[in-house]
Structure formats: structure tokens, C-alpha cells
Amino acid sequence: MDEPDAVDAIADQWRTERPDLDLTAMAVFGRLGRLLTVATARIEAVFNAHGLRAGEFDVLAALRRSGAPFELTPSVLADTLMSSRAGMTGRLDRLEAAGLVARTADRVDRRAVRVALTDEGRALVDEVVAAHTRNETAMLSPLTAEEVATLDTLSRKLLRDWERSEC
């Protein structure tokens, strides 16, 4: 067995106080929560090193992966990123001030706005996404390829079930 961690210490305390409980799920979720905290900090460090916040990277990445001409409406961006319209406006304001995106009137409906990556924005997101994927790959490096595949399969299975249950 691996060396005990902080979650084991908590579970041991509960076992002493409540030996009648099965603490397996508590331990799993405790570790998942801690993994999320640590992973989020490591991921955000990459974005911060490039002068971005996580939400700003998300906007640039959504535009980049949408394909040429790398533009979307603010409402599509907000829906895609599960963000409020007001939150999206703030992100777009910061990104536009930095010269990473440009807002223009829609060619068909002049009342509508389109958000497009600038050349500088495209170069930055391409650099950051490469650093981001290297970082995430490094975070999984303690696992074998088979373990990564198993983790992906199991997390996909849980997520699919939980999302169906929400409906």
C-alpha cells in the first residue's frame, strides 16, 4: 500500500469515532477534492505566467478552436463557457484592451457583435495551449499510459451518470 496521506488521517479519525461507517467514498472524494485544488493552482500558474487569467484563456481557446475566421458572438462564447453575459463582457473588455481580441459589427446584422482573435491573440493562445497541455501531461506523469486511460474511462463514466442524474 502507498504511504498514508492526509485523507487517510481523516478517515482513521472517523473510523475511531464511527467504526460503523464505510468511508471508502469519503476517501475517494477527499482525494478528488484535493487533486482539484492542486491541479487548479498548477494550471492557473501556466496562464498567469503568460499574463492571463483562466477565464481569459478559456475565451481565447474557444475562439481558436472554433476554426477560421476564429470569431464568435459574445452570447455563443458565454454559452460555450457556461459564463454569465456580464462576466463575458468583463473578460472581453480585458482581452480587447490587451489587443488579443477585436469586437466588430456583424456583417449581416449590424446590431450584432462578433468577437475575433487578433493575430497577437492567436499567437498567444497557440503558445499557452502548448504550455498548458505539457503541464497537464506532466501532472499525469506518475501514472502509466494504461492508468491514465483507466482514469479517463472511470471519470467519463461517473461524469456521464451524474450529468444524466441532474435532469
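This is a predicted model: local features need pLDDT of at least 70, side-chain atom pairs count only at pLDDT 80 or more; totals for chains, interfaces and linings use all residues.
Student: What makes the pair of Phe29 and Trp162 stacked?

Tutor: The ring centres of Phe29 and Trp162 are 5.8 Å apart, and rings pair if their centres lie within 6.5 Å. Their planes stand at 25°, and planes under 30 degrees apart count as stacked, so the pair is called stacked.

Student: Why is this pair said to tie together parts of the chain?

Tutor: Phe29 lies in helix H2 (residues 24-49) and Trp162 in helix H7 (residues 145-166), so the pair joins parts that are 133 residues apart in sequence.

Student: Are Phe29 and Trp162 buried, partly exposed or exposed, and how do you know?

Tutor: Buried means under 20% relative accessible area and exposed means over 50%, with partly exposed in between. Phe29 is at 47% and Trp162 is at 40%, so each of these values falls in between and each residue counts as partly exposed.

Student: Which residues make the nonpolar surface patch?

Tutor: Val28, Phe29, Leu32, Leu35, Leu158 and Trp162 make a patch of about 580 Å². The elements that give two or more residues to this patch are H2 and H7, and H2 gives the most, with four residues.

Student: What makes Phe47 and Phe57 a stacked pair?

Tutor: The distance from centre to centre is 4.3 Å and the angle between the planes is 20°; since the cut-offs are 6.5 Å for pairing and 30 degrees for stacking, the pair of Phe47 and Phe57 is therefore stacked. Phe47 is in helix H2 and Phe57 in helix H3 (residues 54-65), 10 residues apart, and both Phe47 and Phe57 are buried.

Student: How do you know that Glu71 and Arg107 form a salt bridge?

Tutor: Side chains of opposite charge can pair when their charged atoms come close. The closest N and O atoms of Glu71 and Arg107 are 2.9 Å apart, and the cut-off for a salt bridge is 4 Å, so the two residues form a salt bridge.

Student: Why is Glu71 called buried, and why is Arg107 called exposed?

Tutor: Glu71 has 10% relative accessibility, which is under 20%, so Glu71 counts as buried. Arg107 has 60%, which is over 50%, so Arg107 counts as exposed.

Definitions and conventions:
Residues are numbered from 1 along each chain as its sequence is written. Side-chain values use heavy atoms; hydrogens and water are left out. Rings of Phe, Tyr and Trp (its six-membered ring) pair if their centres lie within 6.5 Å; planes under 30 degrees apart count as stacked, over 60 as edge-to-face and the rest as tilted. Buried means under 20% relative accessible area, exposed over 50%, partly exposed in between (1.4 Å probe, protein chains only). Patches are made of residues with over 30% relative accessible area and no salt bridge: like charges are joined within 9 Å, nonpolar side chains (Val, Leu, Ile, Met, Phe, Trp, Tyr) within 5 Å. Accessible areas come from the Shrake-Rupley method with a 1.4 Å probe; for residues, only the protein chains shown count as cover. A salt bridge is a side-chain nitrogen of Lys or Arg within 4 Å of a carboxyl oxygen of Asp or Glu.
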